[in-house]
Amino acid sequence: MSVDYRDTVFLPKTAFPMRGSLPTREPILLERWKSMDLFRLLREEAAGRPKFILHDGPPYANGHLHIGHALNKILKDVINRSQQMLGKDANYVPGWDCHGLPIEWKIEEQYRAAGKDKDKVPVVEFRRECREFAAKWIDIQRTEFKRLGIEGDWERPYSTMAFDAEAQILREIHKFALNGGLYRGAKPVLWSVVEKTALADAEVEYHDHVSDTVYVRFPIESAQHPALKGTAALIWTTTPWTLPGNRAIAYGPEIAYAVVVPKAVAEGAAARVGERLLMAVPLVASTCAAAGIAQHEVAATLSAADLAGAVARHPLRGKGYDFPVKLLPGAFVTTDQGTGLVHIAPGHGADDFELGQAHGVEVPFTVEEDGRYAPTVPLFAGKAVYKPDGKKGDANAAVIAAIEAAGGLLAKGRLQHSYPHSWRSKAPLIFRNTSQWFISMESTGLRQTALKAIGETRWVPGQGENRIRSMIESRPDWCVSRQRAWGVPIALFVSKRSGEILKDAKVLDRIAEAFEAEGGDAWFSSPPARFLGPGYDPAEWEQVKDIVEVWFESGSTHSFVLEKRNSLAWPASLYLEGSDQHRGWFHSSLLESCGTRGRAPYDAVLTHGFVLDQNGMKMAKSLGNVVAPQEVCSQFGADILRLWVVASDYSEDLRIGPEILKQLSESYRRLRNTLRWLIGALDGFTPAERVPEAGMPELERWVLHRLAELDKQVRQAVEDFDFHAIFRALHEFCAVDLSAFYFDVRKDVLYCASPADPARRACRTVLDHVFSCLTAWLAPILCFTAEEAWLARSLPPGSTEKDNGDFLATADARALGKASVHLRLFPAVPAAWADAALAAKWDKVRRVRRVVTGALEKERAAKRIGSSLQAAPTVHVPAELLAALQDVDMAEACIVSAIALSPAPAPADAFRLEDVADVAVVPGLAAGDKCPRCWRVLPEVGQARRTVSGVDSARARPDLCDRCSDVVASGGAAA
């Protein structure tokens, strides 16, 4: 009868389960980290190390986390954990943006639902409700972030609504007031009629919109060139409602112009035969077609210089619009569409305003905050551009009708085009001339300081530098005021007599101290005399009630987080957000810091893309393609989401969906099974079993070489923030180098050799090094799984998978001490492990092995063999390759029972691979019988006697091979 030798084989033993069960196990680990106060331990371990400070761009506290939040925070966490394990002190303080329109909007929605009038609610009460709303969502989001495995100072986060934060934000405003950078002026800004406030560029999105278009005549009254006598300058606009604000006409300095005379017009056309119309030469054909001019002649062709000094009159002259309309050169004028002449309303456009300022043109106030014309606007007072609900008002129709009645209208139409809308209300916006507070880009040299700082900052990816540079080069002065209630007030006093800001340091300090104690509410609840103090008559001073825009607030976070906490440092090592923040947080932080400190608040800036569904579509509830991080954690686990972040090229837009998550789960399974096999193979391993590297077999030294390569690659990738490269390298190492090669080859030695066998001890020594490196390198990415694997080796011998679950659930900080993979550093891999010559040799071994494996697969498919150990192939290789393989046990490397290497030419029917043309394999069957313990087929199996060194002796276990017979006979069975 055959003997069962299973109990004599050293099979891996581990309580580390094959199935991750991450949704169940991860919360257990979170509780463990909380009970041991892991964050405190990390700070204690890192005391005195160089600091790495990633300053958190604050998310908005007004809803559950979405997948974009998960991407952002996980990437930050991976970076922080990696830097900590590189030997730095990566103290991460999360934060929240709490002020601004989105929260106001939510409270106002509640008011509307309850039939409550917001304007009748005291401002302090309204602000209290906003504060409570934000505080609620901070707590919710904090829990959701922690579930993702984000490590940070969650007990001491920052928020822009904290009293000390509001006080410091105010001090930053005061700095600009004191250095002359802050001023009040009238400029056109993007204005939301619905929200009754100015909006920053980052609060604006563009959607298709249908606008009324008009071609309007402006008769020229005086000009230097005689061809312009009796001619009307023809403008085209998509905003007829701005025509009451017209004060000039712009022409292109490089554009040629024509005086066009209609000779025939279509029926019903407003064009008149014989009239003279001025337009750009390239646009004559399209303009005539739009105006119904069937035939025309060009009476004169003029250069832009010929238009200089010309003055026209408004088409509503005699009806309250009795002012000259100058023709002015404007570099922004193009011939893309229209007439090549642009009507200039300085109160309704940035280019219009700048051109008007350059030429002393009046800036009229025409539209009120509710979107209606002011009472001072002739003919149209009270008409609405847009209604409070965002729908189009009656202004366009009224203006068009009046101009048509006055004979100024040549043609009208409709155009669908991209138009600015509020990102919150989705209502269309208008450019409106308003009194606002601005920070000058020029008066204190802010633009040049910021441009210099951009050049001194590391931008990842590099194109981010060009993007933000172009924005800073061309941006207008920074409008920092908003006409809302929930935010930090621009707490200043302005002289009613001179319009000058009160710059008394004692007054400004009193205001800031009040904010420190009571928050910004103090500005709305206290009389001005409290702040002005003796020596100032409150009746002579205007108390500014505007609030500062939220981008200034978030741009000031460096001042009350990095500078105020001793555990941090200024400037930050890194700012990291989505690529849209070149015009948002990166931008405002740059300007705020350069304006007050002369440099950027960051040394480096990293951006990531946006998240799309698995088909590359934008996510929307209506499309049913939204992937919520909470659902991914519940179904797959947070580690799968973390793996998704690093498995993606986050420098571009990322995709996620059910199929992608399934693929990632398979990648995770490979990584987890690698760790599981390592833990099992190292069961019972102690330092006494180690052997020095110099005495190891080549295969083990090759693995150490790979660890040296990976160590260098991982460290460089961490510095480059290229975690996608780390994932690829580690996944390939686990799947290809280890599982498909090294583990496969070494199973025989591990399972069947004697525990004292030098080859087995060398293998286990290397596996210990591999486990140490892998768990450390994976810890920043798979923070839960790496911890579970690291702790699994603390289990007593004989533990089961159930024990592992119980172990994680019941062990606390006292029982485990400081045991955590996250308290480690990346292992110091000796440089001497790197051996390029050895690596080149084993590349050749693996190349030959691949051909042998292919040949055996063919034999197995034909059912000529079952196991590869039944085979004894002949491998034909060139002489130089044969020399390289002479001292390699190729039978062991190819997992066959015997192998022959031959430099002779291979027969025609030998097996080959196209990409390894110089290697050919002739399959053959191994001679002898199968060893029931190791399964190798060898001639010695079944022999009663054997001869060793000339000595003949009886075999203790004739049914086994010599090696297995000796192991079993010596009692080296598995425990």
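This is a predicted model: local features need pLDDT of at least 70, side-chain atom pairs count only at pLDDT 80 or more; totals for chains, interfaces and linings use all residues.

Reader: Where does K863 lie, and what is its phi?

Author: K863 lies in the loop that runs between α27 (836-861) and β27 (874-876), and its phi is near 65 degrees, which is a positive value in a residue other than glycine.

Reader: Is D37 buried, partly exposed or exposed, and why?

Author: The general idea is that a residue between the two cut-offs, under 20% for buried and over 50% for exposed, is called partly exposed. D37 has a relative accessibility of 33%, so D37 counts as partly exposed. D37 is not a glycine either, and yet its phi is positive, at about 55 degrees; as for its place in the chain, D37 is in the loop between α1 (22-36) and α2 (38-45).

Reader: Which residues does a cis peptide bond join, and what is omega there?

Author: The angle to read here is omega, and in this model the bond joining W570 and P571 is cis, with omega about 0 degrees. P571 belongs to the loop between α16 (557-560) and β23 (574-578).

Reader: What is the omega of the peptide bond from V460 to P461, and where is P461 found?

Author: For the bond from V460 to P461, omega is near -5 degrees, and this bond is cis.

Methods. Residues are numbered from 1 along each chain as its sequence is written. Side-chain values use heavy atoms; hydrogens and water are left out. Helices (H or I, at least four residues) and strands (E, at least two) are DSSP runs, numbered from the N terminus. Buried means under 20% relative accessible area, exposed over 50%, partly exposed in between (1.4 Å probe, protein chains only).
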